[in-house]
Amino acid sequence: MRTTLFLFAWLCAAPPDTTVVGPQESLRDVAERALGDAGATAELRALNALSSDAVSPGTRLKLPGQERALALKALETARTLVAQARGAGGPAEAETRLKEAEVHFRTARYAQASEAANAAGTLVTQGRAPQPSTFSVQVEPDAGTTTVSVTRGPPVRVAAEGVTRPVAPGETVLVEKGRPPAAPPPSVPRQEQPEEGVTLKRRADAKRHLGPVKLSWAAQQGVERYEVEVARDAPGASVLTLTPTAAEVKLPPLPAGRYWWTVRAVGASGRSEPSGARRFELVPESIPLEVQKGPWQ
């Protein structure tokens, strides 16, 4: 009598803050795959108390969380500020604090890196006189319009018909005669779910695509629609564009892999800048395996 046994092999994905070393992967490969930065091997060594870059396949490694992204943003800002101040004789202490931040970051001490980078930036800005705004005003008498464009510096305030509106650097406002300044474009939507870097386990359909996955962000008043872009986290991957009217969207089933997504708001006054790219990974929830007894048993 043949007995059929059904074994369910659950593919338990690594928690969002860990990853498993794949076959023939080096620590550099893991850093590039998991963090998008092949130069982050020193961080992974420090975070996992490794004495070298040698890692065995199947090893589970800790990954940094959101604190790394925050520290990296603080570092990038500090690098820019210190570089600008360097030619103008900026404070030497800012250079020292920036170097401290770089060391903290390479050794995965992200909180200390953020603190030192912010301190470096503060030292530069405190010793710098406020910069005037750089802007242009173009008047078209025949058309009855005035165009105000701000290049850099603090926002410029434009007033017409009893309405005052700030114009930020990089922004252009058209003011028509007898009308108030146009409303600013919507602000950049704040992404909510899924969280950055999360691994999502979903069931596969007949085509081995996984789903459902729902993306959500904070709703805004006066927005007509949103533009959502989703793509595989790989060079040259095609981009899927969706235009929901609500502050959420359900994605079609997707192949397993790593993805990024952005969202921007669209209203009567224009389109916002896109949000930062947020990433997630899709893995199969389970794979049923059918094992049968054969004559050799």
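Predicted model: local features only at pLDDT ≥ 70, side-chain atom pairs only at ≥ 80, totals over all residues.

Residues are numbered from 1 along each chain as its sequence is written, and side-chain values use heavy atoms, with hydrogens and water left out.

The protein has 5 helices and 19 strands, where helices (H or I, at least four residues) and strands (E, at least two) are DSSP runs numbered from the N terminus. Of its 297 residues, 34% are buried, a term that means under 20% relative accessible area, against over 50% for exposed and partly exposed in between (1.4 Å probe, protein chains only). The accessible surface comes to about 18100 Å², and carbon and sulfur atoms hold 53% of that area; such areas come from the Shrake-Rupley method with a 1.4 Å probe. Among contacts (heavy atoms within 4.5 Å) with a separation of 6 or more, 57% are between residues 24 or more positions apart.

Helix 5 covers residues 110-126, and its 17 residues should span 24 Å at 1.5 Å a residue, which agrees with the 24 Å between its end C-alpha atoms; the expected span is 1.5 Å times one less than the number of residues. Buried residues of this helix include Tyr-110, Ala-113, Ala-117, Gly-121 and Val-124.

In a regular strand the side chains alternate between the two faces of the sheet. Strand 8 (residues 172-176) has Val-173 and Val-175 on its covered face, with Thr-172, Leu-174 and Glu-176 on the uncovered one. Its antiparallel pairing with strand 5 (residues 145-152) runs over 5 bridges, where pairing requires that DSSP finds at least two bridges between two strands. Val-173 of strand 8 has Val-148 standing opposite.

Rings of Phe, Tyr and Trp (its six-membered ring) pair if their centres lie within 6.5 Å, with planes under 30 degrees apart counted as stacked, over 60 as edge-to-face and the rest as tilted. The count by this rule is 4 aromatic pairs. The rings of Trp-217 and Tyr-226 are edge-to-face, because their centres are 5.3 Å apart and their planes lie at 65°. Trp-217 counts as buried because its relative accessibility is 2%, and Tyr-226 is likewise buried at 2%. The pair of Tyr-259 and Phe-280 is stacked, because the ring centres are 5.7 Å apart and the planes lie at 15°. This pair links distant parts of the chain, with Tyr-259 in strand 16 (residues 257-267) and Phe-280 in strand 18 (residues 278-284), 21 residues apart. Both Tyr-259 and Phe-280 are buried. Finally, ring pairs join Trp-217, Tyr-226 and Trp-261 into a cluster.
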